[in-house]
Amino acid sequence: MKKIRPYFALLVFLPFISKGQGSDKAYVDSLKQVLKNAPNDSVQYASLHNIYSYYEERQKDTALDIAQHMFQLSSRNQQQLSRIINLCMMGYQQLGLGDYSSSLKNLLQAVEWSEEPTGKTKNTWSIESGTRGTIIPNGQEAKVVESQANHILGNLLFNTGNIQQAKIFFQKALKIAKETGYQFRVGMGSMNLGRCFLLENNIDSALYLLKVADSIAQVSAVSRYLANIKTYLGDIEQRKGDTEKEIQLYRSGIHYGIQYQYYNVLAHVYFANSMYYL
């Protein structure tokens with residue numbers, strides 16, 4: 001009987017997934033209406049940024065198309081920091097789609113531009129979308145962009161198995177983020193550097209960083225990634241042999257994965273959770 005529990009849990013939660021999709025569709029439709037009536041490039045860009053944030057972890061081919069359109073707008077209007085962010089978006093989605101060559105090209109360009117003096121020029125368009133609900137400390141926009149460019153390049157290297165190189169870029173991204181005081185990027189950097197240490201079985205360092213990410217996620221836009229954080233923390237408890245905490249954290253990961261519709265994370269956590277019952 002125990003063996004069917006993970007599948008039963010999935011069936012129980014499926015109606016909530018479907019229910020959430022209805023309200024999400026209405027939200028996206030309202031954003032598209034704003035986009036349709038946008039009077040100029042800057043309003044169109046802001047609308048696209050919010051739509052991108054919705055599709056970012058849900059539908060990567062759509063998110064990539066949006067990011068490419070945003071890049072055209074920011075280039076045409078000489079918004080250099082936004083251009084760098086758009087390259088990061090494109091690289092991130094290409095990574096998710098398995099187009100590693102294009103991803104590497106865009107991310108290397110983003111990192112290079114972020115380090116140039118022209119990358120420090122004033123930018124009047126959004127760096128983060130309004131849906132993140134975050135405020136970048138005044139005057140720190142260029143550093144935040146540089147942190148993000150290094151962070152996403154670290155993601156690419158991590159996903160292609162270059163863990164040591166990934167750590168270098170994650171560490172740099174986290175260092176810059178701490179200098180800015182921008183908690184969203186501190187949380188993201190802590191989460192991804194933490195999973196590098198987890199993969200190396202450096203449990204103490206992984207646990208410390210993931211707890212930092214978890215504490216930030218409870219009160220910031222990093223909450224979007226609580227499914228990831230709780231799952232990684234569950235992996236740590238699994239290695240420590242604390243089954244009760246492991247299952248508790250995996251179930252929390254399932255909860256947040258459903259809430260934010262992060263199906264790749266759900267696949268990982270359901271598989272991990274099922275091992276307890278086999």
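Where in the protein is confidence lowest, and where is it highest?

**View 1. Confidence along the predicted model.** Confidence is lowest in helix α1 (residues 5-36), at a mean of 54, and highest in α5, at 97. The score is pLDDT, the predictor's confidence in each residue, from 0 to 100. Helices are DSSP runs (H or I, at least four residues), numbered from the N terminus. The protein has a mean pLDDT of 83, with 82% of its residues at 70 or more. Over residues 1-20, pLDDT stays under 50. Where pLDDT is low, the predicted coordinates should not be read in detail.

**View 2. Tyrosine 45 and tryptophan 125.** The structure holds 3 aromatic pairs (Phe, Tyr or Trp rings, the six-membered one for Trp, with centres within 6.5 Å). One of them joins tyrosine 45 and tryptophan 125, with 4.8 Å centre to centre and 35 degrees between the planes. This pair is tilted; planes under 30 degrees apart would count as stacked, over 60 as edge-to-face, and the rest as tilted. Tyrosine 45 lies in helix α2 (residues 41-55), and tryptophan 125 in the loop between α5 (100-115) and α6 (141-159). They are 80 residues apart.

**View 3. Tyrosine 182 and phenylalanine 184.** Their ring centres are 6.2 Å apart and their planes at 45 degrees, so this pair is tilted. Tyrosine 182 counts as buried because its relative accessibility is 2%. Phenylalanine 184 is buried too, at 4%.

**View 4. Arginine 195 and phenylalanine 158.** The charged end of arginine 195 sits over the phenylalanine 158 ring, 3.9 Å from its centre. Here "over" requires NZ of Lys or CZ of Arg within 6 Å of the ring centre and within 35 degrees of the ring normal.

**Notes.** Residues are numbered from 1 along each chain as its sequence is written, and side-chain values use heavy atoms, without hydrogens or water. In this predicted model, local features need pLDDT of at least 70 and side-chain atom pairs 80 or more, while totals for chains, interfaces and linings use all residues.

How values were computed: Helix = DSSP H or I, 4+ residues; strand = E, 2+ residues; numbered from the N terminus. Buried < 20%, exposed > 50% of the residue type's maximum accessible area, 1.4 Å probe, protein only. Contact = heavy atoms within 4.5 Å.
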